[in-house]
Amino acid sequence: MAKKIAICAVAQIKNDPDYHYLRFQNMLLECFESIIKQTKVTFDMEKGIRTIITCSDDVFDARTISNNGITDVVGAHFRGEEKMAQESINGLGYAMACILSGHDDLILFMGHCKESQGESRRMVSNLAYDPFYCRPLGMDYHNVDAMQARAYMEKSKVTDEHLAKIVVRSRKNGKQNPYGRENKIVTEKEAMQSPMYSDPLREIYIYPVTDWAYGMLLCSEERAKEFTNNPVWITGYGSCMDTYFLGDKDLTSNFSLKNAAQRSYAKAGIKDPRKEIQLFELSDHAAYQLPMWAEGVGIADEGNGGKWIDDGGMDKFNVNLSGGQLNGNPLLLGGAARAIECYYHLSNQAGTRQVKNAKRAVAQATYGGAGQHQAVIVMES
Amino acid sequence: MAEYWGIKVEDIFNTMQERFRPEGAKDVDAVFGYDIKDEGKWKLTVKNNEMKIDKTSDLAGCIATMEADGETFVGVNTGKVDATNAFMSGKVKVEGDMGAFGKTGKLFRKYVIAQKEMTVKDYLADMFATVVSRFKAKEAEGLEASFAFDLGGQEGGKWTVFIKDKVCTVTTTIEGKPTVTLEFNDAKDYVDFILGKIDAQSILAAGKASAKGDINMMASKWPILFEKYKDPMGGNIPEQELIVLKKTISVNQKFSTGPIMGKFLKGLKDKKIYANKCPQCGRLQLPPREVCAECRVRAADFVEVGPKGEVRYMDLVYYAMPDPLTGVARETPYGGINILFDGCKGNETLPHFIRKDQIEKIQMGWNEKKGTRVRPVWEENRTGDIWDIKYFEIDE
């Protein structure tokens with residue numbers, strides 16, 4: 001088994017539809033202060049934080065080099081600061097590389113996204129596409145996901161009723177999560193009356209616009225005891241990038257997720273995820289992705305997502321007890337949100353959601369349309 | 001009318017209609033003038049996504065008028081002259097509303113220099129027309145010779161090139177007894193030969209051409225006496241059209257100020273300038289931010305400073321970026337200053353603008369040297385943004 005790194009502490013603000021009274025610096029500051037308070041970590045050049053990794057996105061922030069306006073509230077003044085402008089889960093992989101390579105042994109990892117700031121998140125994700133062809137076609141993550149949803153639902157016999165069931169469960173779970181976005185509890189019938197965005201995706205089947213920020217303190221195995229009695233370990237990380245152009249891939253193949261999961265499991269020494277992992281947090285940007293990613297990480301049989309839901313797979317494998325991405329996290333930060341939920345369970349701090357005797361958990365995240373980029377981390381208590 | 005790069009000023013105006021882009025004319029309702037030195041004046045009317053261009057003697061009523069000489073005007077329109085340089089060096093001037101004139105940039109597709117096909121006749125005319133200019137007199141010391149060309153076919157003709165006393169002349173006849181005569185059955189082969197498309201040996205071998213008289217004079221001396229003919233079509237490769245998409249990316253935003261920046265902006269509304277103070281090191285920050293970056297602690301205590309102060313840093317801007325909020329280029333020159341307000345010290349300065357007519361009078365402070373004393377000029381109706389201060393002026 002490869003070496004591991006410790007998560008010593010996590011901090012977050014509550015997921016909110018619109019922090020109209022805060023700028024994202026205020027959101028980050030809450031998390032920063034919480035980490036300092038929890039761990040008593042300093043910025044001493046010998047023993048304190050010398051490296052800060054941040055996660056933010058220029059287009060969501062509407063400013064270029066989005067990290068340099070936040071360096072003061074993440075303590076990065078006169079220290080090394082490096083930005084991850086990708087799904088936040090990659091920041092964990094980056095921190096892991098940084099620590100295991102010996103580049104540094106203590107990392108503060110902060111992220112923010114204020115999705116309420118821009119008029120339309122769909123206009124933002126439209127900019128992910130090339131200006132000559134896909135952008136003029138109006139592609140964005142919603143309608144591209146819908147294309148994948150239709151193909152996947154056909155393949156795995158997932159229905160409108162299944163998607164409604166996923167949303168209802170997500171919102172119920174979200175209510176148990178003190179940091180979860182406040183959403184209305186709905187019935188399956190109500191969910192299926194939600195307006196159609198891009199058939200088969202209804203408005204309620206897509207994660208809602210959310211503002212959020214978080215912080216995490218990560219360090220080497222040797223130093224963990226300086227900051228916590230209860231560290232959680234990252235023992236595996238794998239990521240995979242699928243093709244950029246939609247027309248190049250089989251939308252239902254789950255290629256990049258399977259690849260990322262296998263690499264992560266191999267690092268963590270996991271042979272059978274169904275038996276060895278007690279908790280799964282999956283980044284379901286839209287409801288159909290929950291069973292699809294469940295197939296990808298190996299807890300549902302390929303092509304059987306619908307039946308897996310009917311058989312109680314979501315509860316059997318403790319999937320998305322936080323409410324998942326579907327209950328509301330910013331698009332950019334799903335991975336950090338998933339990892340933080342796993343951290344709570346593995347350190348026995350998950351309150352009413354707590355999975356008993358949770359020893360291992362998987363956090364998965366995706367970015368790009370139709371699950372283009374995938375990353376999976378394995379965490380252990 | 002003079003030509004520049006083969007294009008007349010009139011050509012630019014006459015093609016405006018076909019180069020017009022209605023999508024670039026949205027929201028434009030104005031009359032623009034063009035005053036081209038020694039060429040004339042034109043009036044461009046844009047309204048309802050349509051345009052009209054008129055040659056005129058009266059440019060009254062134009063919102064903005066461009067002034068340039070013919071060469072610069074053609075150059076800028078064809079991309080032969082850099083527009084920014086032309087503007088900066090004063091070769092192009094705009095009288096009137098500069099911001100409005102900026103919109104004309106989107107109204108037209110670029111003028112593309114027409115690449116006409118050249119016929120055999122065109123080539124022959126050009127080849128012999130340029131013989132004299134290609135003649136290298138110093139290679140003709142003591143030489144007296146005549147080179148005759150008898151080129152057949154419909155587009156052919158006869159030419160004689162005379163060299164005497166280091167002077168070269170050309171006639172379109174063949175008279176007397178030339179030193180050497182080159183005969184081609186088809187003038188096209190001659191053109192292709194000169195352009196390097198076919199070689200002399202194969203033409204001669206095929207019996208399509210022959211030389212009479214002093215063949216060596218033609219084969220060896222001619223290439224020394226004359227510079228090589230340059231194909232005006234540049235090898236006849238048509239200029240590639242570069243397809244470029246021009247789009248403005250725009251996603252509306254609402255920027256929350258948060259409690260700290262919010263308090264500062266509210267202060268401006270009340271004609272007060274608030275700095276925030278670090279509880280540990282006592283440093284002031286302007287504009288205020290949530291934490292003292294150096295001490296990593298919240299800095300929520302506010303101190304009113306100024307509103308008068310002295311100039312510390314300054315610059316004079318001559319080439320302005322468009323105002324990001326309005327898209328209109330600022331009027332230049334303007335002066336940016338960093339003000340050290342009364343109550344602040346060290347680098348606790350705040351940037352703003354100086355009154356335009358006082359730019360020349362401002363002195364920058366440095367270390368112990370005092371800068372010019374300034375005071376804010378407040379806007380009548382203040383809304384809580386940085387333009388609640390119109391600018392700073394000298395405090396006399």
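Reply: Gly70(B), Thr72(B), Phe73(B), Val74(B), Gly75(B), Val76(B), Asn77(B) and Thr78(B) are the buried residues of helix H3(B) in this predicted model. H3 of chain B spans residues 70–78, and with eight of its nine residues buried it is mostly covered. What does the covering of those buried residues include? Among the elements are strand S1 (3–4), strand S2 (7–8) and helix H1 (9–14) of chain B. Strand S3 (30–37), strand S6 (64–69) and helix H4 (83–88) of chain B belong to the cover as well.

After H3(B) comes Gly79(B), which has a positive phi, near 85 degrees.

An open sheet of five strands in chain B has the order S10-S9-S8-S11-S12, and its pairing is mixed. Strand S10 (167–171) and strand S12 (209–213) of chain B are at the edges; each has a single partner strand, so one side of each has no neighbour in the sheet. From one strand to the next, the twist averages 15 degrees. Strand S9 (residues 157–164) of chain B pairs with S10(B) in the antiparallel sense over five bridges, and there Thr160(B) stands opposite Thr171(B) in S10(B).

Helix H8 (residues 187–194) of chain B touches strand S8 (145–151) and strand S11 (180–184) of chain B, and its direction makes about 110 degrees with that of S11(B). Helix H10 (residues 215–225) of chain B touches S8, S9, S11 and S12 of chain B, with its direction at about 105 degrees to that of S8(B).

Chain B also has an open sheet of three strands, ordered S14-S13-S17 with antiparallel pairing. Its edge strands are strand S14 (284–285) and strand S17 (301–305) of chain B, each pairing on one side only. Between strand S13 (residues 273–277) of chain B and S17(B) there are five bridges in the antiparallel sense; here Tyr274(B) stands opposite Glu304(B) in S17(B). Helix H11 (residues 258–269) of chain B lies across S13 and S17 of chain B and runs at about 155 degrees to S13(B).

Technical notes
Residues numbered from 1 in each chain as written. Chains lettered and ligands numbered in written order. Predicted model: local features only at pLDDT ≥ 70, side-chain atom pairs only at ≥ 80, totals over all residues. Heavy atoms only, no water. Pairing = 2+ DSSP bridges. Helix = DSSP H or I, 4+ residues; strand = E, 2+ residues; numbered from the N terminus. Axes fitted to C-alpha atoms, helices over the stretch in contact; angles between N-to-C directions. Contact = heavy atoms within 4.5 Å. Buried < 20%, exposed > 50% of the residue type's maximum accessible area, 1.4 Å probe, protein only.
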